Amino acid sequence: MLAHPATLTAADYRDPDRYKAEQRTLFAQSWQFVGFADEVAEPGSWLVRQVAGQSVLIQDFDGDLRALRNVCSHRFAQLRGGDAGTASGPLRCPYHGWTYDRDGVPVGIPGNADCFGLDRADKQALALPRYELDRIGRFLFVRLVPGGPSLLDVVGPHADLLLALSDGMSPPFAQAAQPWEANWKVGIENVLEVYHVDAVHAESFRTVVDGSWRVVPSGPHSIGYAGIRAEAQRWWEGAGKRLGLIPVDAVAGVEGYVHLLLFPNLAIGITAGRMMSVQTLEPTGSESFTLRYRLCLAKARDGASKAALAAVTTHLAALNEKLLSEDRAVCAAVGRGLRHVEGAALLGANEDRIRHFHATIQTLSKAD
């Protein structure tokens, strides 16, 4: 028999204790992609992301980028609300007006002399936890638990691809964060194979890829390669010519459809070297996660028609939304089904990328 049972059982997806353990090991100790450097390039610009269950603020402090816990040390209000923004002046708690410097120290405390009596050392002890922050090109990463391998060591040979994408892609033309009703591993497994494409995406993704699939594991990460259907390739060549798109071909192998998983939860899809989909799956519970996506085109030569650009990006955004709605529904169905079984799934030879994903989870979980 070519198929074999998966190494993870249904309980590994729905057990709250397993979820907490994964947050502690797989997420808190891993470099997590949080956004693009150009999103926080302006003075006072900021992002908020959920990393291993923590609300993390990534903010520019006069050209100095810091990652801090997004929770006031006084009465625990979140310092920044929403996903992104730009603010003038100091980092200020909206509840009682405590202000923080770039090191996370509460340097301004209304009524301190009369009500708190905190000296310099007391304020230092109340500093917001600061997290490791690093980047490869425009890709920003945060790690909650300090120490361990550097970002470059973890990403390995895929750093070249991130650098090529950083140089070759435009700012996002569409982005959103969606709540999904399934364990985060269900979402990752869904993007690791194309076996479901004929059944789920007959009128969306199946119109793009030709059904071929080749997988190359690389440490904890993996890359999948698929061919693009002839009609889709012609469409991309025509759109690329009209818009003056410069294909991202600086890295060997960026042809057809390329899908990179940087473990545990960053997925990057590259279509015809001309469009990039950057997704993160942020766990929010044992049976829920937030999918955050960004769609980018390759950089264009000057003089592209704004009308043509709008038509192409509108079409691509609608196609992406259709594809995601199909995946969202089927992942929710899997999430509901996992509540009624105890065993392990059966993985075919065309799902070996999932088997590699499971092996990585088990190996790194034992490091706790």
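The model is predicted, and local features need pLDDT of at least 70, side-chain atom pairs count only at pLDDT 80 or more, while totals for chains, interfaces and linings use all residues. Residues are numbered from 1 along each chain as its sequence is written, and side-chain values use heavy atoms, with hydrogens and water left out.

## Overall form

The secondary structure of the protein comes to 11 helices and 19 strands, where helices (H or I, at least four residues) and strands (E, at least two) are DSSP runs numbered from the N terminus. The C-alpha trace spans about 75 × 60 × 35 Å along its principal axes. For 368 residues a compact globule would have a radius of gyration near 21 Å, and the 22 Å of the protein agrees with this; the radius is taken over C-alpha atoms, and the globule rule is 2.2 Å times the number of residues to the power 0.38. Of the 368 residues, 51% count as buried, a term that stands for under 20% relative accessible area, with exposed meaning over 50% and partly exposed in between (1.4 Å probe, protein chains only).

## Strand pairing

Two strands are taken to pair if DSSP finds at least two bridges between them. An open sheet of 4 strands has the order β5-β4-β3-β6 with antiparallel pairing. Its edges are β5 (64–69) and β6 (84–86), each with a single partner strand, so one side of each is left without a neighbour in the sheet. Neighbouring strands of this sheet are turned by 20° against each other on average, direction ignored; the axes behind such angles are lines fitted to C-alpha atoms, for helices over the stretch in contact, and angles run from 0 to 180 degrees between N-to-C directions. Within this sheet, strand β3 (residues 45–51) is joined to β6 by 3 antiparallel bridges, and Leu47 stands opposite Ala84 in β6.

An open sheet of 3 strands, also with antiparallel pairing, has the order β2-β11-β10. Here β2 (32–36) and β10 (132–136) stand at the edges with a single partner strand each, so one side of each has no neighbour in the sheet. The twist averages 30° from one strand to the next. β10 pairs with strand β11 (residues 139–143) in the antiparallel sense over 5 bridges, and Arg135 stands opposite Leu140 in β11.

Strand β17 has antiparallel links to β16, through 6 bridges, and to β18, through 10 bridges. In β17, Thr280 is the bridge partner of Leu266, while Val278 stands opposite Arg294 in β18. β16 and β17 form a hairpin with 3 residues between them, and Ala272 in the turn has a positive phi of about 55°; a further hairpin joins β17 to β18 through 2 residues. Since 10 of the 11 residues of β17 are buried, this strand is largely enclosed by the rest of the structure.

## Pockets and cavities

On a 1 Å grid over the protein atoms alone, a cavity is a set of points where a 1.4 Å probe fits but cannot get out, and a pocket is an open set with protein on both sides within 12 Å along at least five of seven lines; lining residues have an atom within 4 Å of a point. Grid points are joined across faces, edges and corners, and a volume is the space filled by probe spheres set on the points.

| Space | Volume | Lining by class |
|---|---|---|
| Largest pocket | about 630 Å³ | 22 nonpolar, 13 polar, 3 charged |
| Second largest pocket | about 440 Å³ | 16 nonpolar, 5 polar, 3 charged |
| Largest cavity | about 90 Å³ | 6 nonpolar, 6 polar, 2 charged |

In these classes Ala, Val, Leu, Ile, Met, Phe, Trp, Tyr, Cys and Pro count as nonpolar, Asp, Glu, Lys and Arg as charged, and the others, Gly among them, as polar.

The largest pocket, with about 630 Å³ of space, is lined by 38 residues, of which Phe205, Tyr257, Thr271, Asn320 and Leu323 are the closest to its centre. Elements that each supply at least two lining residues include β16 (266–271), β17 (275–285) and β18 (288–297), and the largest share, 8 residues, comes from α10.

The second largest pocket, of about 440 Å³, has 24 lining residues, and Tyr13, Val186, Glu189, Val334 and Ala345 are the closest to its centre. Two or more of its lining residues come from each of β1 (4–9), α7, α10, β19 (344–347) and α11 (352–365), with the largest share, 4 residues, from β19.

The count of cavities of 30 Å³ or more comes to 3. Of the 14 residues that line the largest cavity, Gln32, Gln50, Val51, Asn265 and Glu282 are the closest to its centre, and α2 (16–27), β2, β3 and β17 each supply at least two residues of this lining.
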